[in-house]
Amino acid sequence: MASSVVRATVRAVSKRKIQATRAALTLVGVKVGVRTRGCNGLSYTLEYTKSKGDSDEEVVQDGVRVFIEKKAQLTLLGTEMDYVEDKLSSEFVFNNPNIKGTCGCGESFNI
């Protein structure tokens, strides 16, 4: 049995253009806002966005990026946003210490 030997030559290539590759996954940011609606006054909104708006605040925590609309910034101070899954539902839950009251279904609130 003869063993085979493989040889390789390495050369440095100068001034070669690096080509961009497509990302395997494109991520979009989440924008949180508030709108006037519901029986108690305000309701949270969530939208997908690819870029930060001029007056949006950007929050980055643990590699997660969230944008907050200008109108919602004071309303959301101190708020904890969590994603909760159980057997019947999956949803974002906002634990907001600024809320003075909510409607019976929990969809709207007032400050």
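Predicted model: local features only at pLDDT ≥ 70, side-chain atom pairs only at ≥ 80, totals over all residues.

Trainee: What makes the contact of Arg-35 and Glu-47 a salt bridge?

Mentor: A salt bridge requires a side-chain nitrogen of Lys or Arg within 4 Å of a carboxyl oxygen of Asp or Glu. For Arg-35 and Glu-47 the N to O value is 3.5 Å, and the pair is therefore a salt bridge. Arg-35 belongs to strand β1 (residues 29-36) and Glu-47 to strand β2 (residues 42-49), twelve residues apart.

Trainee: Which residues are linked with Arg-35 in a network of salt bridges?

Mentor: The network links Arg-35, Glu-47 and Glu-69. The side chains of Glu-69 and Arg-35 meet at 2.8 Å, N to O. Glu-69 is in the loop between β4 and β5, 34 residues apart from Arg-35 in strand β1.

Trainee: Why is Glu-69 called buried?

Mentor: Its relative accessible area is 11%. Buried means under 20%, so Glu-69 qualifies. Glu-47, with 36%, counts as partly exposed.

Trainee: How do you know that Glu-58 and Arg-65 form a salt bridge?

Mentor: Their side chains meet at 2.9 Å, N to O, and the limit is 4 Å. Glu-58, at 33% relative accessibility, is partly exposed, and Arg-65, at 45%, is partly exposed as well. By this rule the count comes to four salt bridges.

Trainee: Why is Glu-85 called exposed?

Mentor: Glu-85 has a relative accessible area of 61%. Exposed means over 50%, so the term applies to Glu-85. This residue lies in strand β5 (residues 80-85).

Trainee: What makes the patch formed by Glu-85, Asp-86, Glu-91 and Glu-107 negative?

Mentor: The patch consists of Glu-85, Asp-86, Glu-91 and Glu-107. Asp and Glu count as negative, and therefore the patch is called negative.

Trainee: How many helices and strands does the protein chain have?

Mentor: There are zero helices and eight strands in the protein chain. Of its 111 residues, 23% are buried.

Key: Residues numbered from 1 in each chain as written. Heavy atoms only, no water. Patch = residues over 30% accessible without salt bridge, like charges linked within 9 Å, V, L, I, M, F, W, Y side chains within 5 Å. Areas by Shrake-Rupley, 256 points an atom, 1.4 Å probe, with all protein chains shown as cover. Charge placed at Lys NZ, Arg CZ, Asp CG, Glu CD. Helix = DSSP H or I, 4+ residues; strand = E, 2+ residues; numbered from the N terminus. Buried < 20%, exposed > 50% of the residue type's maximum accessible area, 1.4 Å probe, protein only.
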